[in-house]
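Welcome to my notebook. I jotted down what I looked up, entry by entry, so that you can follow along.

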Amino acid sequence: MPRDIRLTLVGKPGCHLCDDAREVVQAVMAEIEATDAPLRMHLDEVSILDDDELRARHAEEIPVVLIDDVVHNYWRIDPVRLKTALLAG
């Protein structure tokens, strides 16, 4: 049975590091989806501009990648580390 994983990218519009993080996350997701790994991954993006709590918590850390609501990494997202974390689940 596939395991569901929710990835969340916390950022804001116009953030070049956020754009880079999105590309890394999407590439890792595509790489995993091309295998027979029993995962179903969903990516949500949220802006710190739309949520006061997120802004207070992560304003100096964006982009932030959460895996199932737990901070995985922030600023520069390492694709190998992300893939390892997703497959380890």
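**Entry: aromatic rings**

I began with aromatic rings and found one aromatic pair, by the rule that rings of Phe, Tyr and Trp (its six-membered ring) pair if their centres lie within 6.5 Å. Planes under 30 degrees apart count as stacked, over 60 as edge-to-face and the rest as tilted. The partners are Y74 and W75, and they sit edge-to-face, with 4.7 Å centre to centre and 75° between the planes. I kept in mind that a pair of aromatic rings is described by the distance of the centres and the angle of the planes.

Next I looked up accessibility: buried means under 20% relative accessible area, exposed over 50%, and partly exposed in between (1.4 Å probe, protein chains only). Y74 is partly exposed at 31%, and W75 is partly exposed at 44%.

**Entry: what I am looking at**

This is a predicted model, where local features need pLDDT of at least 70 and side-chain atom pairs count only at pLDDT 80 or more, while totals for chains, interfaces and linings use all residues. Residues are numbered from 1 along each chain as its sequence is written, and side-chain values use heavy atoms, with hydrogens and water left out.

**Entry: the sheet**

In what order do the four strands of the open sheet lie? I read β2-β1-β3-β4, with mixed pairing. Helices (H or I, at least four residues) and strands (E, at least two) are DSSP runs, numbered from the N terminus. Two strands pair if DSSP finds at least two bridges between them. At the edges I found β2 (39–47) and β4 (70–74), each pairing on one side only. From one strand to the next, the twist averages 25°; axes here are lines fitted to C-alpha atoms, for helices over the stretch in contact, and angles run from 0 to 180 degrees between N-to-C directions.

I then followed β1 (residues 3–11), which runs parallel to β2 and is joined to β2 by nine bridges.

**Entry: helices on the sheet**

Helix α1 (residues 16–33) lies across β1, β2 and β3 (64–67), and runs at about 170° to β2. Helix α3 (residues 79–88) packs on the sheet too, touching β1, β2, β3 and β4. Contact means heavy atoms within 4.5 Å. The direction of α3 makes about 145° with that of β1.

Is H72 buried or exposed? H72, in strand β4, is buried, with a relative accessible area of 12%. Leaving out residues up to four places away in sequence, H72 touches V65, L66, I67, R81, L82 and A85.

V71 is also in strand β4, but V71 is partly exposed at 42%. With residues up to four places away left out again, V71 touches H58, V64, V65 and L66. I also checked V71 against E23: their C-alpha atoms are separated by 18 Å, and the two are 48 residues apart along the chain.

Which residues does the cis peptide bond join? I62 and P63 are the two, with omega about 0°. P63 lies in the loop between α2 (52–58) and β3.

In the loop between β3 and β4 I found D68, with a positive phi of about 50° although D68 is not a glycine. D69 is in the loop between β3 and β4, and D69 has a positive phi of about 70°, again without being a glycine. D68 is partly exposed at 36%, whereas D69 is exposed at 52%.

**Entry: salt bridges**

How many salt bridges does the structure hold? I noted seven, each a side-chain nitrogen of Lys or Arg within 4 Å of a carboxyl oxygen of Asp or Glu.

One of them links the side chains of R40 and D4, at 2.7 Å from N to O. R40 lies in strand β2 and D4 in strand β1, so this pair ties together parts that are 36 residues apart in sequence. D4 also stands opposite R40 in β2.

Another joins R6 to D69, with the closest N and O atoms 2.3 Å apart. Because R6 is in strand β1 and D69 in the loop between β3 and β4, parts 63 residues apart in sequence are tied together.

R22 forms a salt bridge with E45, and their closest N and O atoms are 2.8 Å apart. Here helix α1 holds R22 and strand β2 holds E45, so the parts tied together are 23 residues apart in sequence. Salt bridges that share partners join D19, R22 and E45 into one network.
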